[in-house]
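User: Please take a close look at one residue of this chain and its setting. I would like to know where that residue sits, what lies around it, and how the rest of the chain is arranged.

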Amino acid sequence: MQLEFIAAPQLDVADAAALAALHTAVYPPKPGAKKAAPQQAWVAPQWHILIRDEADQLVSHVGAVTRLCLCDSNEILLGGIGGVMTQPAQRGKGYAGAGVGRAIDFLRQEMRVEFSLLFCAPRMQSYYRRFGFSSFAGDTRARRGDSEVIFPRNEVMAIAAQKPLPKCALLDLCGLPW
Ligand SMILES: CC(C)(COP(=O)(O)OP(=O)(O)OC[C@H]1O[C@@H](n2cnc3c(N)ncnc32)[C@H](O)[C@@H]1OP(=O)(O)O)[C@@H](O)C(=O)NCCC(=O)NCCS
């Protein structure tokens, strides 16, 4: 397995195409599926962790962002992890796990975020607990369309970085989630 850590503007055309193909393999379009409005939009990662197999094929991806957010009324630098996906045929080999671990370390040690946050389906909570994530105790607010939404608490997980996880009643992401 090879991990390549790359800032989004440095992604070349071939990597961007491989990433788009990975996304389609993981989330194939559903013909005839109706779009419920308003759809949640997600911000694009600022950094990509591209995970390749021995044949140099892109098999997995993890994205990372940082954002100045409001924890109650205190401004904090938050880390974000998203875009976690692995080719269906390549799952269970530790690819995504290696990328998530790299993203946690990068945000903690290099970006020196206060803590990191991710959004996941409730069934994925046990997976992320393995890395040290726990359910975020407060409400998390982010932009959806022209309004804002509070995410269900069982879809938001956090991991400490510079300090123990803060106790804030409302975490405002001040923008789109990731
Ligand atoms: C989740 C996902 C990224 C894991 O990728 P991976 O490279 O197989 O991850 P790892 O090899 O590090 O870990 C595999 C573990 O994830 C767990 N896992 C994967 N999908 C899961 C799911 N839907 N529910 C619960 N656990 C899940 C597996 O049980 C496996 O556990 P094991 O190690 O005990 O066998 C991959 O299954 C995927 O792309 N899923 C679709 C997209 C998605 O749901 N992304 C997560 C968004 S938060």
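Analyst: The residue taken here is Ala98, which is part of helix H2. The model is a predicted one. Ala98 has 17 C-beta neighbours inside 10 Å and therefore counts as partly exposed, since a residue is called buried at 20 or more such neighbours and exposed at 12 or fewer. Setting aside the residues within four places in sequence, the contacts of Ala98 are Met1, Leu3 and Ile51. Leu3 is 95 residues away from Ala98 along the chain, yet their C-alpha atoms are separated by 8.1 Å.

Strand E1 covers residues 2–7, and none of its six residues is buried, so E1 lies largely in the open. E1 pairs with strand E2 (residues 47–52) in the antiparallel sense, over six bridges. In this pairing, Ala7 is opposite Trp47 of E2.

Helix H2 itself spans residues 95–110 and, like strand E4 (74–86), supplies at least two residues of the shell around the ligand. That shell holds 16 residues, and the closest are Thr86, Arg91, Ala96, Gly97 and Cys120. By class, the shell has eight nonpolar, five polar and three charged residues.

The loop between H2 and strand E5 (115–119) contains Arg112. Arg112 is not a glycine, but its phi is positive, near 50 degrees. With 12 C-beta neighbours inside 10 Å, Arg112 counts as exposed. A second residue with positive phi is Asp72, at about 55 degrees, and Asp72 is not a glycine either. Asp72 belongs to the loop between strand E3 (58–71) and E4. Asp72 has 13 other C-beta atoms within 10 Å and so is partly exposed.

Phe136 lies in the loop between strand E6 (134–135) and strand E7 (139–144), and it counts as buried because it has 23 C-beta neighbours inside 10 Å. Not counting residues up to four places away in sequence, Phe136 touches Leu117, Arg153, Val156, Met157 and Ala158. Phe136 and Cys168 are 32 residues apart in sequence, with their C-alpha atoms 9.5 Å apart.

Helix H1 (residues 13–26) has one buried residue among its 14, so H1 lies largely in the open.

For the chain as a whole, the secondary structure comes to three helices and ten strands. Their order along the sequence is β-α-β-β-β-α-β-α-β-β-β-β-β. The radius of gyration of the chain is 16 Å, close to the 16 Å given by the globule rule for 178 residues, so the chain is as compact as a globular protein of that length. The C-alpha trace spans about 50 × 40 × 30 Å along its principal axes, and 30% of the 178 residues count as buried. Of the contacts between residues at least 6 apart in sequence, 72% join residues at least 24 apart.

Methods: Residues numbered from 1 in each chain as written. Predicted model: local features only at pLDDT ≥ 70, side-chain atom pairs only at ≥ 80, totals over all residues. Near = placed C-beta within 6 Å. Helix = DSSP H or I, 4+ residues; strand = E, 2+ residues; numbered from the N terminus. Nonpolar A, V, L, I, M, F, W, Y, C, P; charged D, E, K, R; others polar. Rg over C-alpha atoms; globule rule 2.2 N^0.38 Å. Contact = placed C-beta atoms within 7 Å. Pairing = 2+ DSSP bridges.
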